[in-house]
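This report covers the fold, the charged and nonpolar contacts, and selected residues of one protein. The sequence and coordinates come first.

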Amino acid sequence: MNGQIPDNLAPFQYEPRFTAEEIQRRREQLQAEVQNVVAEVDHNDDRNRILQQRLEGELAVERWCDCNNCDVPQNPTRQMCECCHEHTALDEKLEDYNCITEHPDFAPVCLTPAVLHMVVNSLKEVRGYGPGGDGWTNRLYRHVSYRAYTYWIHQRLGRYNRRATPACVVLTIRANFPEENDESYISFKEADEVGDAWHL
C-alpha cells in the first residue's frame, strides 16, 4: 500500500452494528435513568418544601419529631429541622433507643471535654491545623462536638462533603455548651458557604 490510506476506508466500518432490539433496549434504559433523575429531583424539591414549612413553623414539631427531643433551634436553617429518625445513617444505632442522644456512646463521644480535646489534637496532627488562639470556649466545644458526632456517625466524609445534624443533637450540644447570647449560635452551612472551618 506504500503508506497510503485507501480511499474506501471509513472509521468504524468493521464494528458490529446494533440490532433494532439492542437500540430499543438502550433507549428504554436511558428513559428509565432520566425518570429516576426526575423523581429524585422531585423528591428533593418536596423534601426542601417540607423542611421550609418546619422552619417557618407551619408544621408543628410534634408532627415531624419521632424522638420527642426535637425543636426548632435558635438561628436554624431548614437542614436543622430534622429528627434523628429521618437520618438513615442512624438506623442501626437507633434500634434500641428512642433518640440518638440517648445512645450510650453519644455523651462520651460528643459531650466529654477530654474526648473533644483529643479530637482537636488528632486533627492538628493529621491535618497540620486546628482552632485559633481563643482557647476552649463553648463555641469551640460546640464546633468540635458537631465534628465528633459526624465522625461517630459517618466516619470521615472528606473535604466539602457535609451532613446536617438532627435538631435533637444540635439542642443537646447547645444545652451542654451554651452561648450567653442565642444570636451567637452558628447555623448549619453548606460547603460552598464555609471557608476555613476552624475560623469560628
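## Salt bridge and overall fold

Arg142 and Glu179 form a salt bridge, with their closest N and O atoms 2.6 Å apart. The pair joins distant parts of the chain, since Arg142 sits in helix H5 and Glu179 in the segment after H6, 37 residues apart. A salt bridge here is a side-chain nitrogen of Lys or Arg within 4 Å of a carboxyl oxygen of Asp or Glu. By that rule the count is one salt bridge. Side chains of opposite charge can pair when their charged atoms come close. Arg142 is buried, at a relative accessible area of 4%, whereas Glu179 is partly exposed at 23%. Buried means under 20% relative accessible area, exposed over 50%, and partly exposed in between (1.4 Å probe, protein chains only).

The model is predicted: local features need pLDDT of at least 70, side-chain atom pairs count only at pLDDT 80 or more, and totals for chains, interfaces and linings use all residues. Residues are numbered from 1 along each chain as its sequence is written, and side-chain values use heavy atoms, with hydrogens and water left out.

The secondary structure consists of six helices and zero strands, giving the pattern α-α-α-α-α-α along the sequence. Helices (H or I, at least four residues) and strands (E, at least two) are DSSP runs, numbered from the N terminus. Of the 200 residues in the protein, 31% are buried. The accessible surface comes to about 13500 Å², and carbon and sulfur atoms hold 47% of that area. Accessible areas come from the Shrake-Rupley method with a 1.4 Å probe; for residues, only the protein chains shown count as cover. Among contacts with a separation of 6 or more, 69% are between residues 24 or more positions apart. Contact means heavy atoms within 4.5 Å.

In helix H6 (residues 167-176), the buried residues are Ala167, Cys168, Val169, Val170, Ile173 and Arg174. Their cover includes H2, H3 and helix H5 (138-154). An α-helix has 3.6 residues a turn, so residues three or four places apart point the same way.

Tyr149 belongs to helix H5 and is buried, at 2% relative accessibility. Leaving aside residues up to four places away in sequence, Tyr149 touches Leu90, Ile100, Phe106, Cys110, Thr165, Pro166 and Val169. Val115 lies in helix H4 (residues 113-127) and is partly exposed, with a relative accessible area of 25%. With the same exclusion of residues up to four places away, Val115 touches Pro108 and Val109.

Two pairs of residues are listed below by their C-alpha distances.

| Pair | Separation in sequence | C-alpha distance |
|---|---|---|
| Tyr149 and Val109 | 40 residues | 7.2 Å |
| Val115 and Ser145 | 30 residues | 9.2 Å |

## Surface patches and a loop residue

Which residues form the negative surface patch? The patch is formed by Asp91, Glu92, Glu95 and Asp96. Patches are made of residues with over 30% relative accessible area and no salt bridge, where like charges are joined within 9 Å and nonpolar side chains (Val, Leu, Ile, Met, Phe, Trp, Tyr) within 5 Å. Lys and Arg count as positive and Asp and Glu as negative, while His and the chain ends are not counted. The place of a charge is taken as NZ of Lys, CZ of Arg, CG of Asp or CD of Glu. Glu95 is in the loop between helix H2 (61-64) and helix H3 (106-110), and Glu95 is exposed at a relative accessible area of 64%.

Asn68 also lies in the loop between H2 and H3. The phi angle of Asn68 is near 65 degrees, a positive value in a residue other than glycine. Asn68 is exposed, with a relative accessible area of 64%.

A nonpolar surface patch of about 410 Å² is made by Ile5, Leu9 and Tyr14. Tyr14 is placed in the segment before helix H1 (20-55) and counts as exposed, at 71% relative accessibility.
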